[in-house]
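Student: I've got a model open and I'd like to learn how to read its features. Can you walk me through it?

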Amino acid sequence: MAPLRILCIHGYRQNGSSFREKTGALRKLLKKQVELVYLSAPHSVQQAGNDEASEKENGSGPGPGSDTDPKGWWFSDIQARSFNAQQQCEKSLGLDESVTVVREAVKVQGPFDGILGFSQGAAFVAMLCSLQERKLEPEFSFRFAILVAGFRSACTEHEIFYHVPLQIPSLHVFGFEDKVIPDNMSKELLPSFHDPQILTHPGGHFVPATSAHRQTYQDFLKGFQ
């Protein structure tokens with residue numbers, strides 16, 4: 001049985017390489033079921049600023065090179081080119097370019113069975129699923145989505161992504177001690193999906209991947225193999 005191919009969308013201030021390092025436990029946990037393919041966002045993030053806390057908490061801690069070349073999928077503060085998940089804004093910067101990067105990845109590296117996102121990446125995954133469902137991105141054909149520490153964008157121009165519950169099967173993962181994206185923010189995203197599956201854990205801002213979580217992941221994925 002061929003493994004499911006999943007496109008992985010990192011969090012703010014990460015990149016594809018650092019996210020791969022930090023999800024080593026997940027890759028090991030599901031190595032017989034999935035192939036994880038990692039993508040980097042197109043926008044460079046300044047090292048300093050008052051934007052959302054670095055997401056290097058994910059996984060077993062920062063690996064070699066994980067703090068270099070931080071990237072983001074969009075900015076909530078256009079002037080400062082920074083991002084904070086709780087920042088209210090009318091317009092954002094950079095989302096169209098990020099959608100283009102995903103579209104090209106699907107063309108060149110696809111097809112993919114599913115898509116997985118973490119934090120800002122999970123919020124972006126919800127938007128990508130909306131574009132797919134509204135048939136605005138013909139290249140997209142994701143059969144499922146996994147959103148870890150996801151949230152609804154607080155930007156007014158992004159409200160269009162949340163008008164109708166998405167039919168794509170989804171697994172939402174969040175921690176009760178997450179200080180970057182509090183669990184209530186992840187819960188606010190749930191109504192945007194029809195019949196969302198949920199995996200909670202007692203920890204913070206990371207992708208949980210212990211033996212205690214294996215069954216939930218496997219049960220969700222087996223419907224697509």
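**Salt bridge**

Tutor: Let's start with a charged pair: Arg5 and Glu35 form a salt bridge, with 3.2 Å between the closest N and O atoms. This is a predicted model, where local features need pLDDT of at least 70 and side-chain atom pairs count only at pLDDT 80 or more, while totals for chains, interfaces and linings use all residues. Residues are numbered from 1 along each chain as its sequence is written, and side-chain values use heavy atoms, leaving out hydrogens and water.

Student: What counts as a salt bridge, and which parts of the chain does this pair link?

Tutor: The criterion is a side-chain nitrogen of Lys or Arg within 4 Å of a carboxyl oxygen of Asp or Glu. Here the pair links distant parts of the chain, 30 residues apart: Arg5 is in strand β1 (residues 4–9) and Glu35 in strand β2 (residues 34–39). Helices (H or I, at least four residues) and strands (E, at least two) are DSSP runs, numbered from the N terminus. The structure holds eight salt bridges.

Student: At what angle do α3 and α4 pack?

Tutor: Axes are lines fitted to C-alpha atoms, for helices over the stretch in contact, and angles run from 0 to 180 degrees between N-to-C directions. Helices α3 (residues 95–109) and α4 (residues 120–133) pack at about 70 degrees, with their axes 12 Å apart. So α3 is roughly perpendicular to α4 (the class for 65 to 115 degrees; under 35 is roughly parallel, over 145 roughly antiparallel, the rest oblique). The contact (heavy atoms within 4.5 Å) is made by Leu95, Ser98, Val99 and Val102 of α3 with Phe124, Met127, Leu128 and Leu131 of α4. Those residues divide into seven nonpolar, one polar and no charged. Ala, Val, Leu, Ile, Met, Phe, Trp, Tyr, Cys and Pro count as nonpolar, Asp, Glu, Lys and Arg as charged, and the others, Gly among them, as polar.

Student: Which residues line the largest cavity?

Tutor: On a 1 Å grid over the protein atoms alone, a cavity is a set of points where a 1.4 Å probe fits but cannot get out, and lining residues have an atom within 4 Å of a point. The lining here is Ile6, Leu26, Leu30, Val34, Leu36, Leu116, Ile146 and Tyr217, which divide into eight nonpolar, no polar and no charged.

Key
1 Å grid on protein atoms, 1.4 Å probe; cavity = no way out; pocket = protein on both sides within 12 Å on 5 of 7 lines; lining within 4 Å.
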